[in-house]
Amino acid sequence: MSHSEKTFRFNVNGRVVEINSEPAQPLLWVIREQLKLKGTRYGCGVSSCGVCTVHVNGQAVRSCVYPISQCQGSDITTIEGLSESANHPVQNAWIEANVPQCGYCQSGQIMQAAALFEGNPTPNDEQIAKSMSRVICRCGTYPRIKKAMQIVVKQLDTAKS
């Protein structure tokens, strides 16, 4: 540990971890390199594409620019921790709507969608479009993403009634 590194303690996917790191180190690199969780991807490195989206205390954040110093005591969820058996309603809808093409952005897309549904179980089309526009899909699978999101809305609405 260098003299400028500090120890940070937080929860990742339900497990308490302690990491020695420079305070400015982006969360993405701690997740990928120190914790060896490779589901969260590097995209642009400047918070523009959303591919690196994870949840910090339930909120979608871009891990490529989120410093580890802000993670102290936080609950962090990566795509690996979204559900135990990869059966989160968003993941199931993604499969049903055949969303992935190249798959590169999928973890960021799913984490963004899951955060939206966590805060708003029945978003309208405008809210979905606004939230999901924050994650770029280079393959252009937006119609299938929209279809998957509508599947989740319908399932959550049916479960509510």
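So, what volume does the largest pocket have? About 180 Å³, where volume is the space filled by probe spheres set on grid points joined across faces, edges and corners. A pocket here is an open set of points on a 1 Å grid over the protein atoms alone, where a 1.4 Å probe fits, with protein on both sides within 12 Å along at least five of seven lines; lining residues have an atom within 4 Å of a point.

Quick caveats: this is a predicted model, with local features needing pLDDT of at least 70 and side-chain atom pairs 80 or more, while totals for chains, interfaces and linings use all residues. Residues are numbered from 1 along each chain as its sequence is written, and side-chain values use heavy atoms, without hydrogens or water.

Back to that pocket: its lining includes His55, Asp75, His88 and Glu118. Strand E5 (75–77) and helix H3 (106–119) each give two or more residues; these are DSSP runs, helices being H or I of at least four residues and strands E of at least two, numbered from the N terminus.

Now, helix packing. The H2 (89–96) and H5 (142–160) axes come within 8 Å and cross at roughly 130 degrees; axes are lines fitted to C-alpha atoms over the stretch in contact, with angles from 0 to 180 degrees between N-to-C directions. Trp94 of H2 is among the residues meeting H5, contact being heavy atoms within 4.5 Å.

H3 and H5 come within 12 Å, crossing at roughly 30 degrees, so they're roughly parallel.

Notes. Angles under 35 degrees count as roughly parallel, over 145 as roughly antiparallel, 65 to 115 as roughly perpendicular and the rest as oblique.
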